[in-house]
Amino acid sequence: MTRRRTTPETEPPATGAEPSGPGAEPPAPSPADGAAPGTRRPGGRTARTRTAVRDAVLTGLAEHGYPGLTVEYVAERSGVHKTTLYRRWGNLEGLVADALDLAGEDSWIPPDTGSLAGDLRALARTTAASFTDPAAAAAPTAFIAAAFQSERAAEALHAFYAERFTRCEAVVARAVARQELDRHTDAGALVRAVVSPLFLGLFITREPVGSELADRSAAAALAAAHAGVFNSPAESA
C-alpha cells in the first residue's frame with residue numbers, strides 16, 4: 001500500500017480572493033509542537049503546508065460557503081492528511097480562523113494619493129471593488145458569513161479588520177502632517193465611517209455598491225473629520 005503524502009510538493013493555486021482594503025483569533029496550541037496555528041514561522045515545509053491548507057480553505061469557502069466546507073475537502077484539496085489537519089488545527093473552525101490569520105499577514109498598505117480626500121476615496125473604492133466582483137468577493141463574503149456561525153471565525157475576522165484599521169493610521173498621520181486634520185483625530189473611527197455605508201449596502205440592505213457610493217461615503221467621512229466629529233473627546237476637551 002502506498003502511503004499518503006502529507007505535504008504537497010507544490011502549492012496549489014488559490015482560487016478564492018482574500019479580504020482586502022481597510023474594512024476585510026488566537027487558535028489553540030498544537031498538541032504536536034506546542035505552537036499555535038497562525039504563528040509566524042520560518043519558510044520551508046511547514047510554511048508550504050500551511051499555505052496549501054489556507055488555499056484549500058479559501059477555495060472551499062468560495063465554492064461551498066462555510067456550511068459546505070469540511071475537513072475532508074481541505075485534506076483532499078491541500079494534499080495534507082486529515083489526521084494532520086486535526087492534530088495541528090483541531091477542527092474546521094481552527095482551519096478557517098488560521099486561514100484568515102494568514103491572510104492578515106500580507107503586505108497591504110493604504111493608498112497614498114497625496115491628499116486626505118484622495119486617500120479616503122481610494123480606500124472606499126478599493127473596499128467596494130473587492131466585494132462587487134463576484135470572483136474576488138466569494139471568499140471574503142464567505143468569511144463574513146462564517147463569522148455568524150463560528151465564534152472563532154468571528155474573532156479571527158475581528159482581528160483581521162483591526163489590523164487593517166491599524167495600518168490605516170498612516171492615512172491620518174500624513175493628513176495631520178499636511179495640516180489637513182486635527183492631530184487628535186481617531187484614525188480607526190474615521191476609516192470605519194468611510195467603509196460602514198458600503199458594508200450596510202453589501203450585507204444588510206443588499207443594494208448596489210459602486211464607485212458613486214464609495215465616493216459619497218468618503219466625502220461624508222471627510223466632512224465629518226473636518227468638523228471634528230472623530231476627535232478624541234478626552235484629547236479635544
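Q: What makes a space in this protein a cavity?
A: A cavity is a set of points, on a 1 Å grid over the protein atoms alone, where a 1.4 Å probe fits but cannot get out, and its lining residues have an atom within 4 Å of a point. Grid points are joined across faces, edges and corners, and the volume is the space filled by probe spheres set on the points; on that basis the largest cavity has a volume of about 40 Å³. The model is predicted, with local features needing pLDDT of at least 70 and side-chain atom pairs pLDDT 80 or more, whereas totals for chains, interfaces and linings use all residues. Residues are numbered from 1 along each chain as its sequence is written, and side-chain values use heavy atoms, without hydrogens or water.

Q: Which residues line the largest cavity, and how do they divide by class?
A: The lining consists of R50, V53, R54, V57, W89, L95, D98, A99 and L102, and the elements giving two or more residues to it are α1 and α4. Six of the lining residues are nonpolar, none is polar and 3 are charged, where Ala, Val, Leu, Ile, Met, Phe, Trp, Tyr, Cys and Pro count as nonpolar, Asp, Glu, Lys and Arg as charged, and the others, Gly among them, as polar.

Q: Why is D98 called buried?
A: Buried means under 20% relative accessible area, exposed over 50% and partly exposed in between (1.4 Å probe, protein chains only); D98 has 3%, so this residue is buried. D98 belongs to helix α4, and its side chain makes a polar contact of 2.9 Å with that of R50. Such a contact is a pair of N or O atoms within 3.5 Å, and within protein one must be able to donate a hydrogen and the other to accept it, while residues adjacent in sequence count only if both atoms are side-chain atoms.

Q: How do you know that the length of helix α4 agrees with its number of residues?
A: Helices are DSSP runs of H or I of at least four residues, strands are runs of E of at least two, and both are numbered from the N terminus. The expected span is 1.5 Å times one less than the number of residues, so the 12 residues of α4 (92–103) should span 16 Å, and the 17 Å between its end C-alpha atoms agrees.

Q: What makes α4 a mostly covered helix?
A: In α4, 10 of the 12 residues are buried, and these buried residues pack, by contact of heavy atoms within 4.5 Å, against α1 (45–68), α2 (71–78), α3 (82–89), α6 (134–147) and α7 (151–167). At the start of α4, a side-chain oxygen of N91 comes to within 3.2 Å of the backbone nitrogen of E93.

Q: Why does N231 count as buried, and where does it lie?
A: The relative accessible area of N231 is 16%, so N231 is buried, although its place is in the loop between α10 (211–226) and α11 (233–236). Its side chain is joined to that of T185 by a polar contact of 3.5 Å, and its C-alpha atom is separated by 9.5 Å from that of L181, 50 residues apart along the chain.

Q: What makes the phi of Q179 worth noting, and is this residue buried or exposed?
A: Most residues other than glycine have a negative phi. Q179, which is not a glycine, has a positive phi of about 60°, and at 73% relative accessibility Q179 counts as exposed.

Terms used
On a 1 Å grid over the protein atoms alone, a cavity is a set of points where a 1.4 Å probe fits but cannot get out, and a pocket is an open set with protein on both sides within 12 Å along at least five of seven lines; lining residues have an atom within 4 Å of a point.
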